[in-house]
Amino acid sequence: MSSPLSGLRAWIVQRVTAVYVAAFLVYAAAYLMLAPPVSFEAWRAWVGSPAISVASALFFGALLLHAWIGIRDVVLDYVHPLPLRFVILVGVGLALVAQGIWVLRILYGAVA
Amino acid sequence: MSEAISDKDNRRPKYLNLLQIRLPVTGFVSIAHRLAGVLIFLATPALLYILERSLQDPAGFSAVRSLLDNALVRLGLVVVLVAVLHHLLAGIRFLLIDLGVGESIGGARRGAWLVLAGVGLSSAAALVLLL
């Protein structure tokens, strides 16, 4: 059985997303600490700028993918009854997809 | 096979009581990396709400400002921040181990202590900056 996100592929995706999430997080944290947005306009302009909005969308995509693989690993390790495992994984998956759509709405609002 | 197990073997303590297990530092860093990841996953909706509100309109931006002045909210954010710092530094350690850096027992232990020291120092710096 080979699902698109298991085994070696999941292992690689987990590491690639980790590197991107870490790099973006360090960059954004350093930028916001050195130059904190003084006003709503400045904050929205920064988030809505072409580079940051695209990089942020990628960041959240990578973060949610990373969260799916990580939480799935934890659930598979500690939750053994199959029905419970199924319910939790479906719930986590739906929550992550919903948050992905939510993030797109937030970022689209900052760009528009 | 079972006859081969001597009385001495049977008397070996099995510390399945989690409170009695003394986890090696590498094990602690590993399980804390998992716990921190789950915590970050659970905190994400709240962080997204703060992000959304801050970008909605000037009123939302100042609402977030005053929300972040709340001591309880700050405490929660500090907990999430420490979790992020641990997840980040322990994660970098795991990536280095994948590359063969710090793979020996001694190297893995030194790396684990380095992660904990880094989390402590960066958390202290963040506390000074934020509170």
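His33(B) sits in helix H2 of chain B, where a helix is a DSSP run of H or I at least four residues long, a strand is a run of E of at least two, and both are numbered from the N terminus. With a relative accessibility of 16%, His33(B) counts as buried; that word means under 20% relative accessible area, while exposed means over 50% and partly exposed lies in between (1.4 Å probe, protein chains only). Leaving aside residues up to four places away in sequence, His33(B) touches His86(B), His87(B), Ala90(B), Gly91(B) and Phe94(B), a contact being heavy atoms within 4.5 Å.

Before going on, a word on what you're looking at: this is a predicted model, in which local features need pLDDT of at least 70 and side-chain atom pairs count only at pLDDT 80 or more, while totals for chains, interfaces and linings use all residues. Residues are numbered from 1 along each chain as its sequence is written, chains are lettered from A and ligands numbered from 1 in the order in which they are written, and side-chain values use heavy atoms, with hydrogens and water left out.

Staying with chain B, you'll find five helices and zero strands, so the elements read α-α-α-α-α from the N terminus by the DSSP runs. Of its 131 residues, 28% count as buried. Take the contacts in chain B between residues at least 6 apart in sequence, and 73% of them join residues at least 24 apart. Arg11(B) counts as exposed because its relative accessibility is 63%. From Arg11(B) to Thr26(B) is 15 residues in sequence and 27 Å in space, C-alpha to C-alpha.

Now over to chain A. Here there are four helices and zero strands, in the pattern α-α-α-α along the sequence. Its radius of gyration is 17 Å, whereas a compact globule of 112 residues would have one near 13 Å (taken over C-alpha atoms, the globule rule being 2.2 Å times the number of residues to the power 0.38). The C-alpha atoms of chain A fill a box of roughly 50 × 25 × 20 Å along the principal axes. Buried residues account for 38% of the 112 in this chain.

As background, an α-helix has 3.6 residues a turn, so residues three or four places apart point the same way.

The contact takes 30 residues from chain A and 23 residues from chain B. About 2,200 Å² is buried between the two, with carbon and sulfur atoms giving 74% of it; buried area is the accessible area (1.4 Å probe) that two parts lose on being put together, summed over both. In chain A, Phe40(A), Trp102(A) and Ile106(A) lose the most area to chain B, together 26% of what that side buries.

A salt bridge is a side-chain nitrogen of Lys or Arg within 4 Å of a carboxyl oxygen of Asp or Glu, and the rule finds two across the interface of chain A and chain B. One of them pairs the side chains of Asp98(B) and Arg15(A), at 2.5 Å from N to O. H1, H2, H3 and H4 of chain A each supply at least two residues of the side that touches chain B, and H3(A) gives the largest share, eight residues. By class, that side has 22 nonpolar, three polar and five charged residues (Ala, Val, Leu, Ile, Met, Phe, Trp, Tyr, Cys and Pro count as nonpolar, Asp, Glu, Lys and Arg as charged, and the others, Gly among them, as polar).

Over all chains, the salt bridge count comes to four. Asp98(B) lies in helix H4 (residues 71–98) of chain B and Arg15(A) in helix H1 of chain A, so that pair joins two chains. Asp98(B) is partly exposed at 37% relative accessibility, and Arg15(A) is partly exposed at 24%. Another bridge links Asp73(A) with Arg72(A), the closest N and O atoms being 3.4 Å apart.
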